[in-house]
Amino acid sequence: MKKMNRGMITALSAIAIAQGLKVFTHKKLTGKWDWRPLIQTGGMPSSHSAGVAALATYMAANKGTRHTETALAVVFGSIVMYDAQGIRRHTGEIAQLVNELEDRFEIISSDFPSLMYSKRDTELKELLGHQPIEVLGGAIFGVVLGLISAQIENDEKDKNRNN
């Protein structure tokens with residue numbers, strides 16, 4: 001039977017577990033259980049960061065730091081983490097300002113009926129990116145999971161050699 005790609009399994013597992021952890025961090029922050037963080041962007045820990053850090057760490061531990069696959073994983077992982085806490089977070093902050101502006105404009109337009117204001121059905125999504133601490137949390141989780149996955153694989157190889 002052909003083995004599955006452990007690097008892919010490691011990265012996808014990190015994403016899934018980190019996304020699940022968001023339910024617990026949300027409970028700790030708000031005091032309320034809410035399952036919506038399972039399918040939402042943003043929050044602690046960053047599942048994007050967890051996935052790319054797990055893959056890069058697994059590759060480095062498995063292939064070595066001088067291997068091309070490790071370099072690709074590190075470079076693209078760095079871009080993903082930078083984007084998550086940079087551009088995506090700022091886009092969410094802009095969406096929050098636009099939503100607040102629309103709420104204020106609705107109040108103003110009630111005093112001036114000639115403005116012909118019509119409110120949108122839904123607000124812009126505000127939770128798009130991550131705070132730097134959320135990215136760091138995801139990255140640390142990913143590094144740990146990547147190391148564990150590489151160690152499990154090495155233990156399996158050693159066991160097969162000894163049999």
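Helices here are DSSP runs of H or I with at least four residues, strands are runs of E with at least two, and both are numbered from the N terminus. On that basis the chain has five helices and zero strands. Read from the N terminus, the order of elements is α-α-α-α-α.

A word on the source. This is a predicted model, in which local features need pLDDT of at least 70 and side-chain atom pairs count only at pLDDT 80 or more, while totals for chains, interfaces and linings use all residues. Residues are numbered from 1 along each chain as its sequence is written, and side-chain values use heavy atoms, with hydrogens and water left out.

Now the chain as a whole. Of its 163 residues, 33% are buried; buried means under 20% relative accessible area, exposed over 50%, and partly exposed in between, with a 1.4 Å probe and protein chains only. The accessible surface is about 11,000 Å², and 65% of that belongs to carbon and sulfur atoms. These areas come from the Shrake-Rupley method with a 1.4 Å probe, and for residues only the protein chains shown count as cover. Contact means heavy atoms within 4.5 Å. Taking contacts between residues at least 6 apart in sequence, 71% join residues at least 24 apart.

Next, helix α5. It covers residues 132–162, 31 residues in total, and spans 45 Å from first C-alpha to last, close to the 45 Å expected; the expected span is 1.5 Å times one less than the number of residues. Which residues of α5 are buried? They are Glu134, Val135, Gly137, Gly138, Ala139, Gly142, Leu145, Gly146, Ser149, Ala150 and Glu153. Their cover includes α1 (6–30), α2 (47–63) and α3 (68–85).

Ile152 also lies in α5. Its relative accessibility is 40%, so Ile152 counts as partly exposed. Together with Ile133, Leu136, Ile140, Val144 and Ile148, Ile152 makes a nonpolar surface patch of about 540 Å². Patch residues have over 30% relative accessible area and no salt bridge, with like charges joined within 9 Å and nonpolar side chains (Val, Leu, Ile, Met, Phe, Trp, Tyr) within 5 Å. A salt bridge is a side-chain nitrogen of Lys or Arg within 4 Å of a carboxyl oxygen of Asp or Glu.

Last, the aromatics. Rings of Phe, Tyr and Trp (its six-membered ring) pair if their centres lie within 6.5 Å; planes under 30 degrees apart are stacked, over 60 edge-to-face, the rest tilted. There are two such pairs in the structure. Phe24 and Trp33 are edge-to-face, 5.6 Å centre to centre with 85° between the planes. Trp33 and Trp35 are stacked, at 6.4 Å and 20°. Phe24, Trp33 and Trp35 form one aromatic cluster. Trp35 is exposed, because its relative accessible area is 58%.
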